[in-house]
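Good morning, and thank you for coming.

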Amino acid sequence: MEEDLLATGALSPRLGHLADLVQRYAEPENAVAHGGHVSTIAAGHYTVRGLSRHVRLGEFVAHRSATGVHLGEVVRVEPELAFVCPIEPGEPIGIHDIVIRKGAFRLAPNEGWCGRAVNSLGEPIDGLGPLPSGDVSRPISNIAPPSMTRQRIQKGFRTGVRVIDIFSPLCLGQRLGIFAGSGVGKSTLLSMVARAEAFDKVVIALVGERGREVREFIEDTLGPHMQKSVAVVATSDESPMLRKMAPLSAVTIAEHFRDKGENVLLIVDSITRFAHAIREVATASGEPPIARGYPASVFTEMPRLLERAGPGPEGTGTITAIVSILVDGDNHNDPIADSTRGILDGHIVLKRSLAEEGRYPPIDPLASISRLARKAWTPDQEKLVSRLKTLVHRFEETRDLRLIGGYRPGSDPDLDMAVKQVPIIYETLKQTPGDRPSFDAFTDLATALKNGGPSQPAARRA
């Protein structure tokens, strides 16, 4: 057995650093204390005998096979067996293969990670060479700062997206959800927000993303902003474990920059695919579903992830989180959307009907809410937005009446004003990723209303 343990064989290029771990436990007494062997193999997981007394739920193990050393996460522990979900898809697993306890998975972020794209394991995928390691390693399954030690949210910021800055303004340290069905424009809106100038660093988790879109997002959408950004990528063809780890690794990187006193923007696209990955892992380990096919662990993991964002302890920076939520079948009350909405500090709703009309971004200003808007608005702006919402509501609720010819000018002054001004408001709020970010959305709107329409098309980026 000792010779088998020492013969590390051909290691996986991505996980070759685990060779030292295998060597550390090469002695027979350590193998008995901290090692085990594969007992059974099933689709999505395998069981290990001999580790149950030494591992904890969520810890990682190193499995040595004929092709090298591979990682796995402990997803269930029984008196005699530990259930492990492998990190890499298609990992060759054999009965009696050696499995060594590794402990919590950790990352050591560094300033040199900016401008780079990494996978869920913190390894570079952009072909630009190895990443420097930071002085402090952090477990990716960390806990949020205690609530009474955290700073209070005080300061608003401009996203450059007019409809958000007017109707749902954001603050540094806020957590916002973008709710929409598939193909409505969530990723496009996230790319527009990612260009906000209020942040020192941007950390982006692309979870279950289409592989062809990764380079487009990094090179075209972020462009020069990539120099202050870190992208954590887990594409749709990767294992559920890697898709589950991507947001955890991203928030760990964001916490590194936050603790240095920087304001960080964390983007997760999407939290729904994170929930789907948790569901796949939990189902494979035998956890029963409780709500439309989702097991209880989904509703435990999501708050733990989202609560790590927000304002940091006194003397540190903030993590402003903007996450996208894919609502299945445009049902905004499905379990993931409903649960996430209760955790976040606001939500932006994208409507398919607005996208079909050609209004981009297709944000419904009446259904979108920022719970911290009053910290970003001035008193005059708050009164103005309240009036604008009244006009928009009046305009929309009388749409059918006006289409059948039941509206007569002069009979209702508020409706007359809505009919005159709301189309101008809608036209002013139109914005595409190619448009230059708005410096002052209220000034743009005031100028348009005064001139009877936008005075000129928004300037295009060079």
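Is Val84 buried or exposed? Val84 is buried, because its relative accessible area is 1%; buried means under 20% relative accessible area and exposed over 50%, with partly exposed in between, using a 1.4 Å probe and protein chains only. This is a predicted model, in which local features need pLDDT of at least 70, side-chain atom pairs count only at pLDDT 80 or more, and totals for chains, interfaces and linings use all residues. Residues are numbered from 1 along each chain as its sequence is written, and side-chain values use heavy atoms, with hydrogens and water left out.

Val84 belongs to strand β5, residues 81–86; helices (H or I, at least four residues) and strands (E, at least two) are DSSP runs, numbered from the N terminus. Beyond its neighbours within four places in sequence, Val84 has contacts (heavy atoms within 4.5 Å) with residues including Tyr46, Val48, Val61 and Val74. Val74 lies ten residues from Val84 along the chain, and their C-alpha atoms are 4.5 Å apart.

I turn now to helix α8, residues 271–284. Among the buried residues of α8 are Phe274, Ala277, Ile278 and Val281. These four also take part in the meeting with α7, where the α7 residues are Pro240, Met241, Arg243, Lys244 and Pro247. Just after α8, Gly286 adopts a positive phi of about 95 degrees.

Technical notes: Axes are lines fitted to C-alpha atoms, for helices over the stretch in contact, and angles run from 0 to 180 degrees between N-to-C directions.
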